[in-house]
Amino acid sequence: MENNKSKDPLHGITLKNILEQLVLFYGFDTLGELIKIKCFTDNPTIKSSLNFLRKTDWARKKVEELYIRTLPKLSKE
């Protein structure tokens, strides 16, 4: 039998879920240090960050890469 499970760690996870997990784990202050984008440093909210990330591919990619690097730490909690 074939195993149809995707090897993509982002498969089935929404950007909102990724962002919420990163904010819970790091907080906006640390996210702003790790990824230098204004939506994390200047009056950050989940909603405003999602709006920016959905329009800006390079920023979304950085957030997704950080999430993938953080997954082992998230699974330990």
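Me: Let's start with Asp42: what relative accessibility does it have?
Reply: Asp42 has 48% relative accessibility, which counts as partly exposed. The cut-offs are under 20% relative accessible area for buried and over 50% for exposed, with partly exposed in between (1.4 Å probe, protein chains only).

Me: Where does this model come from, and how do the cut-offs work?
Reply: This is a predicted model, in which local features need pLDDT of at least 70 and side-chain atom pairs count only at pLDDT 80 or more, while totals for chains, interfaces and linings use all residues. Residues are numbered from 1 along each chain as its sequence is written, and side-chain values use heavy atoms, leaving out hydrogens and water.

Me: OK, back to Asp42. Which residue does it form a salt bridge with?
Reply: Lys38, with the closest N and O atoms 4.0 Å apart. A salt bridge here is a side-chain nitrogen of Lys or Arg within 4 Å of a carboxyl oxygen of Asp or Glu. Lys38 is exposed, at a relative accessible area of 59%.

Me: How many salt bridges turn up in the whole structure?
Reply: The search finds 3. One of them pairs Arg60 with Glu64, where the closest N and O atoms are 2.9 Å apart. Both residues lie in helix α4, 4 residues apart, about one turn of the helix. Helices are DSSP runs (H or I, at least four residues), as are strands (E, at least two), and they are numbered from the N terminus. Arg60 is partly exposed, with a relative accessible area of 29%.

Me: And which residue pairs with Glu20?
Reply: Lys16, again as a salt bridge, with closest N and O atoms 4.0 Å apart. Glu20 and Lys16 are about one helical turn from each other because they sit 4 residues apart in helix α1. Glu20 is partly exposed at 33% relative accessibility, and Lys16 is partly exposed too, at 41%.

Me: Switching topic: how many helices and strands are there?
Reply: The chain has 4 helices and 0 strands, and its pattern along the sequence is α-α-α-α. The C-alpha trace spans about 50 × 30 × 15 Å along its principal axes.

Me: What's in the largest nonpolar core?
Reply: That core has 20 residues, and those with the most contacts inside it are Leu19, Leu22, Leu31, Ile37, Phe40, Leu53 and Val63. The elements giving two or more residues to this core are α1 (15-34), α2 (38-41), α3 (46-55) and α4 (57-76). The most comes from α1, with 8 residues. By nonpolar core I mean a set of buried Ala, Val, Leu, Ile, Met, Phe, Trp, Tyr and Cys residues joined through side-chain atoms within 4.5 Å.

Me: What does Ile37 touch?
Reply: Not counting residues up to four places away in sequence, Ile37 touches Phe52, Leu53, Trp58 and Ala59. Contact means heavy atoms within 4.5 Å.

Me: How about Leu34, what is it in contact with?
Reply: Leaving aside neighbours within four places in sequence, Leu34 contacts Tyr26 and Leu66. Leu34 belongs to helix α1 and is partly exposed, with a relative accessible area of 47%. Its C-alpha atom is 9.5 Å from that of Val63, 29 residues apart along the chain.

Me: Last one: what share of the chain is buried?
Reply: Of the 77 residues, 32% count as buried. On the contact side, residues 24 or more positions apart account for 55% of the contacts with a separation of 6 or more.
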